[in-house]
Amino acid sequence: MNLVKLEFKEIDVNKVCPTVDNFSDGVYARTIFMPKGTIIVGKKHKTRHLNIVISGIARVWMDGVIRDIKAPDILESKEGCRKILYIVEDMYWTTIHPTNETDVGIIEDMIISEEPLEGLENIIKELQCFSI
């Protein structure tokens, strides 16, 4: 993730939404904390992976559809998936990726596509108007 908006101001995602990286045999897990009121613009992923929603509530745009996600939940992201989240209640979210690599920079190169997203402002408006 490279962008977080808080009250419509762009801010450093690493300061507002800290992450914790964990590794096990053939598995990389990244957990992120996202505070209420933030909009998270995720990057497009090249691979399928699991998402574990540990706590919180969010309105999520994924694959062109808006849905509510409330913890606890587990969902799969397909190859090519990109998510945009409006955080309704403080949230912890973990992504699980199959890899033997332990260098986060190399992992990001392997799993993230830098494709730009068209229509971001309209998606954000839809998320904010969509009621839970």
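**Salt bridges, strands and cores**

Modeller: Happy to! Keep in mind that this is a predicted model. To begin with charged pairs, the structure holds six salt bridges.

Colleague: Which residues are linked in a network of salt bridges?

Modeller: Asp21, Arg30 and Glu108 form that network. Asp21 pairs with Arg30, with their closest N and O atoms 3.2 Å apart. Arg30 also meets Glu108 in a salt bridge, at 2.8 Å from N to O.

Colleague: Where do Arg30 and Glu108 lie?

Modeller: Arg30 is in strand β4 and Glu108 is in helix α2, residues 104-111, so the pair ties together parts that are 78 residues apart in sequence.

Colleague: Changing topic: how many helices and strands does the chain have?

Modeller: There are three helices and eleven strands. Reading along the sequence, the pattern goes β-β-α-β-β-β-β-β-β-β-β-α-β-α.

Colleague: Let's zoom in on β7. Is it mostly covered or uncovered?

Modeller: Mostly covered: ten of the 14 residues in β7 are buried.

Colleague: Which way do β7 and β10 run, parallel or antiparallel?

Modeller: They run antiparallel, and eleven bridges join them. Within that pairing, Met62 stands opposite Lys83 in β10.

Colleague: What about β7 and β8?

Modeller: Those two are antiparallel as well, joined by six bridges. Ala58 stands opposite Ile69 in β8. β7 and β8 make a hairpin with two residues between the strands, where Asp63 takes a positive phi near 55 degrees.

Colleague: How many bridges join β7 to β9?

Modeller: Five, and again the strands run antiparallel; β9 covers residues 73-77. Asn51 in that pairing stands opposite Leu75 in β9.

Colleague: On to the inside, then. Which residues of the largest nonpolar core touch the most other members?

Modeller: The core has 17 residues, and those touching the most other members are Met34, Val53, Val60, Leu85, Ile87, Met91 and Trp93. Strands β4 (27-34), β7 (49-62) and β10 (83-98) each supply at least two residues of this core.

Colleague: Take Met91. What is it in contact with, leaving aside its neighbours within four places in sequence?

Modeller: Its contacts include Ile32, Phe33 and Met34, along with Val53, Ser55, Gly56, Ile57 and Ala58. Ile69 and Leu85 are also in contact with Met91.

Colleague: What does the second core include?

Modeller: That separate core has nine residues, among them Ile84, Tyr86, Ile123 and Ile124.

Colleague: Last one, for the whole chain: what share of the residues counts as buried?

Modeller: Of the 132 residues, 41% count as buried. The accessible surface comes to about 7600 Å², with 51% of that belonging to carbon and sulfur atoms. Among contacts with a separation of 6 or more, 72% come from residues 24 or more positions apart.

Conventions. Residues numbered from 1 in each chain as written. Predicted model: local features only at pLDDT ≥ 70, side-chain atom pairs only at ≥ 80, totals over all residues. Heavy atoms only, no water. Core = buried A, V, L, I, M, F, W, Y, C linked by side-chain atoms within 4.5 Å. Buried < 20%, exposed > 50% of the residue type's maximum accessible area, 1.4 Å probe, protein only. Helix = DSSP H or I, 4+ residues; strand = E, 2+ residues; numbered from the N terminus. Contact = heavy atoms within 4.5 Å. Areas by Shrake-Rupley, 256 points an atom, 1.4 Å probe, with all protein chains shown as cover. Salt bridge = Lys/Arg side-chain N within 4 Å of Asp/Glu carboxyl O. Pairing = 2+ DSSP bridges.
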